[in-house]
Amino acid sequence: MGFVFSDQMLGTFVPIVVYWLYSGIYILLGSFENYRLHSKEDELEKNVVSKSTVVRGVLLQQTIQAVVAILLFKVTGNDGEVETAPKSWLTIIIQFIVAMLVLDTWQYFIHRYMHQNKFLYKHIHSHHHRLVVPFAFGALYNHPLEGLLLDTIGGALSFLVSGMSSRVSIFFFSFATIKTVDDHCGLWIPGNPFHVFFRNNSAYHDFHHQLYGIKK
């Protein structure tokens, strides 16, 4: 008898796997200098946190996210095995749009306020800006409180408000993960669809992380 992964387990852990796999692709592409928004020397000299510290910080946040996801599936009654009743494509599209609006709106205003409030910026959000030259697997490097508030709670709200199933959440949170990694990759890849459809792309986010763009 084969082992079956539940949709809830996949919804919890697939976005984490996607994060590291997608980041790995960008790390490989970063070996081509013509794709980089900054040189490797700038990355080493300007960033004020080590990559090992970044990895530990990201793993901590992903652990918290996994625990919250498991609890959320339990509380909402989405902790069964594999869902069998498929939803219509229209329903899924609407849920995706609603979830995107909720998550983006939540993160925009929380992030903006953390830049406006000097105390929150100095003691919490500045952790993220220790990466003056962003790179892919540093996308989720935050102060633990910011990670909980911005990403974990924001993700939970988007899940609850949209009414998506645990199966749909696998794809939504994997997409959200790919987008945030892409924003922080520090590369400009020709033909990248995220650069076409989103103004808030890797170049925009790179500027935001620079010392002269840090308060924008």
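User: Helix axes are lines fitted to C-alpha atoms over the stretch in contact, and angles between N-to-C directions run from 0 to 180 degrees. At what angle do α4 and α7 pack?

Analyst: This is a predicted model, where local features need pLDDT of at least 70, side-chain atom pairs count only at pLDDT 80 or more, and totals for chains, interfaces and linings use all residues. Residues are numbered from 1 along each chain as its sequence is written, and side-chain values use heavy atoms, leaving out hydrogens and water. Helices are DSSP runs (H or I, at least four residues; strands are E, at least two), numbered from the N terminus. α4 spans residues 89–116 and α7 spans 166–183; their axes are 11 Å apart, at an angle of about 45 degrees.

User: Which word describes how α4 and α7 lie to each other?

Analyst: Angles under 35 degrees count as roughly parallel, over 145 as roughly antiparallel, 65 to 115 as roughly perpendicular, and the rest as oblique. The angle here is about 45 degrees. So α4 and α7 are oblique.

User: How many nonpolar residues does the contact of α4 with α7 hold?

Analyst: Contact means heavy atoms within 4.5 Å. Ile92, Gln95, Phe96, Ala99, Met100 and Leu103 in α4 meet Val168, Phe171, Phe172, Phe175 and Ala176 in α7. Ala, Val, Leu, Ile, Met, Phe, Trp, Tyr, Cys and Pro count as nonpolar; Asp, Glu, Lys and Arg as charged; the others, Gly among them, as polar. The contact has no charged residues, 1 polar and 10 nonpolar.

User: Are α3 and α6 roughly parallel or roughly antiparallel?

Analyst: α3 covers residues 51–75, and its axis comes within 10 Å of that of α6. The two cross at roughly 30 degrees. Therefore α3 and α6 are roughly parallel.

User: How many charged residues are in the contact of α3 with α6?

Analyst: On the α3 side are residues including Leu60, Gln61 and Ile64. On the α6 side, Pro144, Gly147 and Asp151 are among them. By class, the contact has 10 nonpolar residues, 4 polar and, as charged residues, 1.

User: Is the crossing of α6 and α7 left-handed or right-handed?

Analyst: The axes of α6 and α7 come within 11 Å and cross at roughly 135 degrees. That makes α6 oblique to α7. A crossing is left-handed if the near helix is turned anticlockwise from the far one by less than a right angle, and right-handed if clockwise. The crossing of α6 and α7 is right-handed.

User: Is Tyr19 buried or exposed?

Analyst: Tyr19 sits in helix α1, residues 7–29. Its contacts beyond four places in sequence include Val58, Phe137, Leu140 and Val181. Buried means under 20% relative accessible area, exposed over 50%, and partly exposed in between (1.4 Å probe, protein chains only). With a relative accessible area of 1%, Tyr19 is buried.

User: Which residues does His127 contact beyond four places in sequence?

Analyst: His127 lies in the loop between α5 (118–123) and α6 (144–162). His127 is buried, with a relative accessible area of 18%. Its contacts are Tyr141, Asn142 and His143.
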